Amino acid sequence: MRNFWHHLRTPTLVRRIMFAQMLLLTLLWCVFLTYILWEDLRSPNMLSGSKTYETIITLIDRMDDRPQDRNAVLEDFSKALREGYGGGEDPAISISLIVRKNKEIIYSSDGAPTSVTNTKYGEIQRIQSEGRTWVGRTQKSEESDAEVTLVTPAGDWNLFIYLNSRGYYILPLLVCIPFLLFPAWLSIRIAMRPWNKVVHEVSLRTPEDLSPLKDGPKHMELRQMVDAINVFLARVRESTERERIFIADAAHELRTPLAAMRINVEALQSYVSSDSQQELLAGIIRSNSRAARLVNQLLLMMHSEAPIDTVVVPVPLTTLVQERMAALAPLAAERRIELEFYSHDEVWITGIRERLMSLIDNLIENAVKYSPEGGRVEVDIRALDKSAQLRVSDAGPGISAELRERVFDRFFRDPNQMQSGSGLGLAIVKAVAQQHNSNVCLNTSAEGGLMVTIEFPNQNST
Amino acid sequence: MKILLIEDDLDLGNGVRIALVDQGLDVIWVRRKEDALQQLDACAPELVLLDLGLPDGDGMSLMTCLRQQFKGIPVIILTARGTLHDRLCGLDAGADDYLVKPFVLAELLARVRALARRSYGFENETIEVRGLSLHVPTRRVTVRERNMDLTASEYTLLELLMLRTDRVLTRRFLEERIFGTKDNLSNALDVHMGNLRRKIGDGYVRTVRGVGYVIDTVPIQKGAG
């Protein structure tokens, strides 16, 4: 209920447009109506027409010899007039008929303002009489000296009688408005569809996706908005790109001094005989390796985050994994870790070879790093109906369920972990997987360690 | 062996120079492209270590120049740019090897030795690993002084592994070299490997399951756990 009220009170454009439409419609209708009424009041139809006069004059002339009958017919005629006028029998608000012959009144409607006389024949005149304003017109017979005068009151209150008798002026509007509401609402909704499409497209955006909005609407107003959004997106894109290039350049620049430091220490090692000195040098080398690895990971991260500018091509995943495992085998051998790879036929996926390489390298390096010495790292590739599945499992400590979302964040490190690492490995994996429309899923492996599953959409189904 | 080191970074150049000299190599270190060209003429180095990012000109242009005028000299590129694209560019330009900074001294020395070996042939070259020795020119294989009688495929397999000790060679790579085909329809490789192992004895060739094979210079004890 509360939600409903809240919903009702939240302004919407549709409602605003409808309200404006209805308001304008009513306003126009009122202006139109006022004009008609005003025209009508100034020169009432009954007075301006000639047929009524002609009928009465003919009647008087023909029935001149039967005054009794004539007056009875005039009486009925007067009643008919008053009924048609809509004011009832009250002369103060209704029409009155006065018939004169030789300036003598021979008939007047009940309570008619008999003192009202026109100064000119055939013209509608406003006449002050009995403290009121009247509108009257007198027509003279061409054959006799009979004069017919029709008088209506001209006061402002007359408007109400008009509204009463001219109900058909206002009624259409009152009838129309409810019927107009639904079509108006529907048409506005339909007309707003392109707008909703744009809203939908924007709402589907992921934070990484800064590409311009596609298929811009043809409508001018929307195009302006979409263009503005696109210009903004381009600016954001540019600045992230600049930042990315800056980080990559900085990482590059760090490589040479790191190499120099390493080679100098290594050269020095052969001159040093004392164990403690050797240990200190080994410490420098270890730190150097860590820094070098961080720089490499940063570069990989920046490369894998780069917008895809190269063409995606079919990549033989099985061969690629096999090659990377062969390349990383010395790393595993150092820690006496056995690498095992299970696959059947070649599995092809579409992608960017180099980025896939860094994804595979990071997965396997991670698995090797966190495995206990002498442990086993299993990699397998399976071709499923609609996807290809790459799984890397280790026998390490694994990642607890509550940290599984956070380990993809840059520089996040499992606080329980003693191994040194850049904290970028899984972030790179995630970035590359996303570029290949793939999911990364973390589970517990059969040996209690971590199992990372990546599902690549099949080449055929994309 | 005379090595021309072209590296503009003072610390790195000096470090590499001292490290190589310690290994008994003769190193000429220059920091500019001009000096490099001059030294190439004057000293006739047997190997060039080239940094791609030189201050007075792109190292790549020097590389091209080297390939045009000094065809026989092997070149190892040292660079901070390590993407696949950069590597391919370097190798396309005619470099024999490519080392991405920061590199380990042992890696540099291994590459230098490998290149020296490659460019001066295998004359009198015998590769030996833990009693298993292979004499390339005569294709003679001995295990603890005992001659082995290997088939052509078995010998090729062993030679491939011995020339790249400590590096895992993928099944695909081996299959291509031995059978000249990319289809691994049969388990022919496993059969040859089985035969080879039976002849030379266990403990030399290590299997990396599903990946390939490797001959370790230092044997790896199987996992304690």
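Visitor: At roughly what angle do the axes of helix α6 (residues 152–163) and helix α7 (residues 171–179) of chain B cross?
Guide: Happy to start there, and bear in mind that this is a predicted model. The axes of α6(B) and α7(B) come within 10 Å of each other. Their crossing angle is roughly 135°.

Visitor: How are α6(B) and α7(B) oriented to each other?
Guide: Only angles over 145 degrees count as roughly antiparallel. The crossing of α6(B) and α7(B) is at roughly 135°. The two helices α6(B) and α7(B) are therefore oblique to each other.

Visitor: What is the hand of that crossing, and which residues of α7(B) make the contact?
Guide: α6(B) passes α7(B) in a right-handed crossing. On the α6(B) side, the contact is made by Ser153(B), Thr156(B), Leu157(B) and Leu160(B). By class, this contact has five nonpolar, two polar and one charged residues. The α7(B) side is made by Phe173(B), Leu174(B), Arg177(B) and Ile178(B).

Visitor: How is α9(A) oriented to helix α1 (residues 10–22) of chain B?
Guide: The axes of α9(A) and α1(B) come within 8 Å and cross at roughly 30°. Angles under 35 degrees count as roughly parallel. That makes α9(A) and α1(B) roughly parallel.

Visitor: How do the residues in the contact of α9(A) with α1(B) divide by class?
Guide: The crossing of these helices is left-handed. From α9(A) come Thr256(A), Ala259(A), Ala260(A), Ile263(A), Asn264(A) and Ala267(A), while α1(B) brings Asp11(B), Leu12(B), Gly15(B), Val16(B), Ile18(B), Ala19(B) and Asp22(B). By class, the residues of this contact divide into eight nonpolar, three polar and two charged.

Visitor: What covers the buried residues of α10(A)?
Guide: The buried residues of α10(A) include Leu281(A), Ile285(A), Asn288(A), Ala292(A) and Val295(A). Met301(A), Met302(A) and Ser304(A) are also among them. Their cover includes α9 (220–269), α12 (353–370) and α13 (425–435) of chain A.

Visitor: Is Ser445(A) buried or exposed?
Guide: Ser445(A) sits in the loop between β11 (439–444) and β12 (450–457) of chain A. Leaving out residues up to four places away in sequence, Ser445(A) touches Ser393(A), Asp394(A), Leu450(A) and Met451(A). The cut-off for buried is under 20% relative accessible area. At 7% relative accessibility, Ser445(A) counts as buried.

Visitor: And is Glu145(B) buried or exposed?
Guide: Glu145(B) is in the loop between β10 (140–143) and β11 (146–147) of chain B. Its phi is near 70°, a positive value in a residue other than glycine. With a relative accessible area of 78%, Glu145(B) is exposed.

Visitor: Where is Asn102(A), and what is its phi?
Guide: Most residues other than glycine have a negative phi. Asn102(A), in the loop between β1 (96–101) and β2 (104–108) of chain A, is not a glycine, yet it has a positive phi of about 50°.

Visitor: What is the omega of the peptide bond from Lys101(B) to Pro102(B)?
Guide: Most peptide bonds are trans. Pro102(B) lies in the loop between β7 (97–100) and α5 (105–119) of chain B. The bond from Lys101(B) to Pro102(B) is cis, with omega near -5°.

Technical notes: Residues are numbered from 1 along each chain as its sequence is written. Chains are lettered from A and ligands numbered from 1 in the order in which they are written. This is a predicted model: local features need pLDDT of at least 70, side-chain atom pairs count only at pLDDT 80 or more; totals for chains, interfaces and linings use all residues. Side-chain values use heavy atoms; hydrogens and water are left out. Axes are lines fitted to C-alpha atoms, for helices over the stretch in contact, and angles run from 0 to 180 degrees between N-to-C directions. Helices (H or I, at least four residues) and strands (E, at least two) are DSSP runs, numbered from the N terminus. Angles under 35 degrees count as roughly parallel, over 145 as roughly antiparallel, 65 to 115 as roughly perpendicular and the rest as oblique. A crossing is left-handed if the near helix is turned anticlockwise from the far one by less than a right angle, and right-handed if clockwise. Contact means heavy atoms within 4.5 Å. Ala, Val, Leu, Ile, Met, Phe, Trp, Tyr, Cys and Pro count as nonpolar, Asp, Glu, Lys and Arg as charged, and the others, Gly among them, as polar. Buried means under 20% relative accessible area, exposed over 50%, partly exposed in between (1.4 Å probe, protein chains only).
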